[in-house]
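User: I'm new to this one and would like to walk through it with you. Can we start with the charged pairs and then move on to the pockets?

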Amino acid sequence: MPKISRWRWGLAWTAGVLFLIDLWGVTTHQSWVNGLDQAVIHLIRRPVPSGLRDTLIAITTAGNPRPVTWLTILLVVALMIARRYRASFFMVINVLGWAGLGNYLIKNLVQRPRPAVDRLVSASSYSFPSGHSITAMLLWGTVIVLAGRYLRHQPGWRWLLSGLASLWIVAIGVSRVFVGVHYPTDVLAGWLLGFFLLTLTQWWLTRHGGDF
């Protein structure tokens, strides 16, 4: 696996700093956080056709822990059968480690209540950061990284898979705001932290010339 580029590191560190700003704004109840949240909620939580409403609910349900865990297990098993042990470890760390345990710890440290709105799905625990969003970034970000490795000689398929995975990451985050269980700054925090951790894990696994 090629070394992580300066451009990628620049994006990762920017994401890390923006996450800390978001975290600071939420924990200290800055007025700009509420302003940003309300502006984005106003754009997303609008009356939509029933078909689109049902689609967004289906998308958010697909990001629930149980289907994501099963999908992760299937991908890890497939990678191990293909003897891609480092790649399978990469996915386990990202999805079950960072997105699972890491997200749980931050939620319980920040303890931000969920939005007080009519919800289209049920949700428990705290709101910040969005677990669905950080999981989507880490799971499908891992897929994008591995696609860049295994499909490097098939650019058409690589870009198609990466594009679809990216759209899914965005769709998961938007759906969480639409169904009323997260603030936009929760979703943003999940994306930012997920991207930073994805880059950090990739660097750690390949820093001595290791390959996926």
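User: Which aspartate forms a salt bridge with arginine 112, the closest N and O atoms being 2.7 Å apart?

Analyst: A quick note before we start: this is a predicted model, where local features need pLDDT of at least 70, side-chain atom pairs count only at pLDDT 80 or more, and totals for chains, interfaces and linings use all residues. Residues are numbered from 1 along each chain as its sequence is written, and side-chain values use heavy atoms, with hydrogens and water left out. A salt bridge here is a side-chain nitrogen of Lys or Arg within 4 Å of a carboxyl oxygen of Asp or Glu. At 2.7 Å between the closest N and O atoms, the partner of arginine 112 is aspartate 186.

User: How many residues apart in sequence are the parts that arginine 112 and aspartate 186 tie together?

Analyst: Helices are DSSP runs (H or I, at least four residues) numbered from the N terminus. Arginine 112 sits in the loop between helix 5 and helix 6, while aspartate 186 belongs to helix 8, so the parts they tie together are apart in sequence by 74 residues.

User: Is arginine 112 buried or exposed?

Analyst: Buried means under 20% relative accessible area, exposed over 50%, and partly exposed in between (1.4 Å probe, protein chains only). Arginine 112 has a relative accessible area of 11%, so the word for it is buried.

User: What volume does the largest pocket have?

Analyst: On a 1 Å grid over the protein atoms alone, a pocket is an open set of points where a 1.4 Å probe fits, with protein on both sides within 12 Å along at least five of seven lines; lining residues have an atom within 4 Å of a point. Points are joined across faces, edges and corners, and a volume is the space filled by probe spheres set on them. For the largest pocket that comes to about 770 Å³.

User: Which residues are closest to the centre of the largest pocket?

Analyst: The lining has 24 residues. Closest to the centre are Trp7, Arg8, Ile144, Val145 and Gln202.

User: Which helix gives the largest share of the lining of the second largest pocket?

Analyst: That pocket has a volume of about 520 Å³ and is lined by 26 residues. The largest share, eight residues, comes from helix 5.

Terms used:
Helices (H or I, at least four residues) and strands (E, at least two) are DSSP runs, numbered from the N terminus.
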